[in-house]
Amino acid sequence: MQHIPKSAVAALLVNTTIWGLSWIGMRALESMGLHPLWATAAIFAGCTAMLLAAKRRDIGLLRRHPELIGVALASGLTNTAFNVAIAYGDVVRVILLFYLMPIWAVVLARIVLHEAVTARSLGRVALGLSGAVIVLYQPRLGLPLPRTLPDWLAVLGGMAFAVNNVVLRRLHGVSDGARAIAMLSGGTLLASLLGLAFAAAGQVSWPAAVPGAAWPLVGMWSVLFLVSNLCLQYGVTRLPANITAVVMLAEILVASLSAWLLGAAELRLQDVVGGAFIIAAPWLIRDRRTAAPSAA
């Protein structure tokens, strides 16, 4: 029976709680005139600066492990896509589509980690996709596909997150500090480049006119996202990919309940049913070797 470290599970639960509540910060900053691209760039720049101050000696590892570039790109795409989607889309719908991530993890674990594709893993894919179909289904629109930009960004962010977690698992021998620097700087760089591109095209306003009250909020979320990232680093590299996927589904519950309690989302019956399918997929159809954790 496989040993599942409780500290790693707890770390991932901290990560999911912070991310499950992040929609509150993104929407607050957007209401102050700071577009989610700029908010993501500013928050992750703050995270990166704090981490570099504490982990300066790990910078040299970035040159010795070029695979960390993949981590930076995947993390940057994950954070940018998710933050824009959660600021403008329906919170519950975005979270559910983002957390199709275990489906992509099955494919990537096969390609990158050479894990076998079993009947159980295919069952997870089928159950998760069934949940997505239920959430997305609207009779007048035909095929149950993502329809809006936030929908597509949520799916894209979930795919990038699966890439991020699988590559982190592969790089478990690299220090937490080096991996965290790659992830946070990736979020800063990609969000900044996209912000500049869209602002130059007139699609996004420049952040110059943002009120001063926004910046303490940026600082607070910088600290929270830094804590979240370090918890993710700790948990992902100490747990099997399929257990990680299970634990991180707690974000669905945190985000959905907080959005419902604060009046930011209305839970439809099909969201509840489809969400139950998505959440149940990793729990009900697990490989035997990770079916039950041992006492820790």
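**Terms and values in the predicted model**

Biologist: Which residues of helix 4 meet helix 5?

Modeller: From helix 4 the residues are Thr-78, Phe-82, Ala-85 and Ile-86, and they meet Val-91, Val-94, Ile-95 and Phe-98 of helix 5; contact means heavy atoms within 4.5 Å. By class, this contact of helix 4 with helix 5 has seven nonpolar residues, one polar and no charged. Here Ala, Val, Leu, Ile, Met, Phe, Trp, Tyr, Cys and Pro count as nonpolar, Asp, Glu, Lys and Arg as charged, and the others, Gly among them, as polar. This is a predicted model, in which local features need pLDDT of at least 70 and side-chain atom pairs count only at pLDDT 80 or more, while totals for chains, interfaces and linings use all residues. Residues are numbered from 1 along each chain as its sequence is written, and side-chain values use heavy atoms, with hydrogens and water left out.

Biologist: Why are helix 4 and helix 5 called roughly antiparallel?

Modeller: The axes of helix 4 (residues 68-88) and helix 5 (residues 91-98) cross at roughly 155 degrees and come within 9 Å. Axes are lines fitted to C-alpha atoms, for helices over the stretch in contact, with angles from 0 to 180 degrees between N-to-C directions. An angle under 35 degrees counts as roughly parallel, over 145 as roughly antiparallel, 65 to 115 as roughly perpendicular, and the rest as oblique. Helix 4 and helix 5 are therefore roughly antiparallel.

Biologist: Which residues make the contact of helix 9 with helix 10?

Modeller: Helix 9 contributes Asp-176, Arg-179, Ala-180, Met-183 and Leu-184, and helix 10 contributes Leu-226, Asn-229, Leu-230, Leu-232, Gln-233 and Tyr-234. The classes are seven nonpolar, two polar and two charged.

Biologist: Why are helix 1 and helix 10 described as roughly antiparallel?

Modeller: Helix 1 (residues 6-31) and helix 10 (residues 214-236) pack at an angle of about 155 degrees, their axes 8 Å apart. The angle is over the cut-off for roughly antiparallel, and the pair is therefore given that name. The crossing of helix 1 and helix 10 is left-handed. Their contact comprises 21 nonpolar, seven polar and no charged residues.

Biologist: Why is Ser-222 called buried?

Modeller: Ser-222 lies in helix 10 and has a relative accessible area of 4%. Buried means under 20% relative accessible area, exposed over 50%, and partly exposed in between (1.4 Å probe, protein chains only), so Ser-222 is buried. Beyond neighbours within four places in sequence, Ser-222 is in contact with Ala-42, Ile-43, Gly-46, Cys-47 and Met-50. Although Ser-222 and Met-50 are 172 residues apart along the chain, their C-alpha atoms are separated by 8.8 Å.

Biologist: Is Arg-93 buried or exposed?

Modeller: Arg-93, in helix 5, has 11% relative accessibility and therefore counts as buried. Leaving out residues up to four places away in sequence, Arg-93 touches Val-135, Leu-136, Gln-138, Asp-151 and Arg-268.

Biologist: What makes His-65 partly exposed?

Modeller: His-65, in the loop between helix 3 (59-64) and helix 4, has 24% relative accessibility and so counts as partly exposed. His-65 and Val-174 are 109 residues apart in sequence and 8.1 Å apart in space, C-alpha to C-alpha. Thr-118, in the loop between helix 6 (101-112) and helix 7 (119-136), is likewise partly exposed, at 26%.

Biologist: Which residues touch the most other members of the largest nonpolar core?

Modeller: Of its 79 residues, these are Ile-43, Val-71, Ile-86, Ile-95, Tyr-99 and Phe-225. Helix 4 supplies the largest share of this core, nine residues. A nonpolar core is a set of buried Ala, Val, Leu, Ile, Met, Phe, Trp, Tyr and Cys residues joined through side-chain atoms within 4.5 Å. Not counting residues up to four places away in sequence, Ile-95 touches Phe-82, Ile-86, Glu-251, Ile-252 and Ala-255.

Biologist: How many helices and strands does the protein have?

Modeller: It has 13 helices and zero strands; helices (H or I, at least four residues) and strands (E, at least two) are DSSP runs, numbered from the N terminus. Of the 296 residues, 51% count as buried.

Conventions:
Left-handed = near helix turned anticlockwise from the far one by under 90°.
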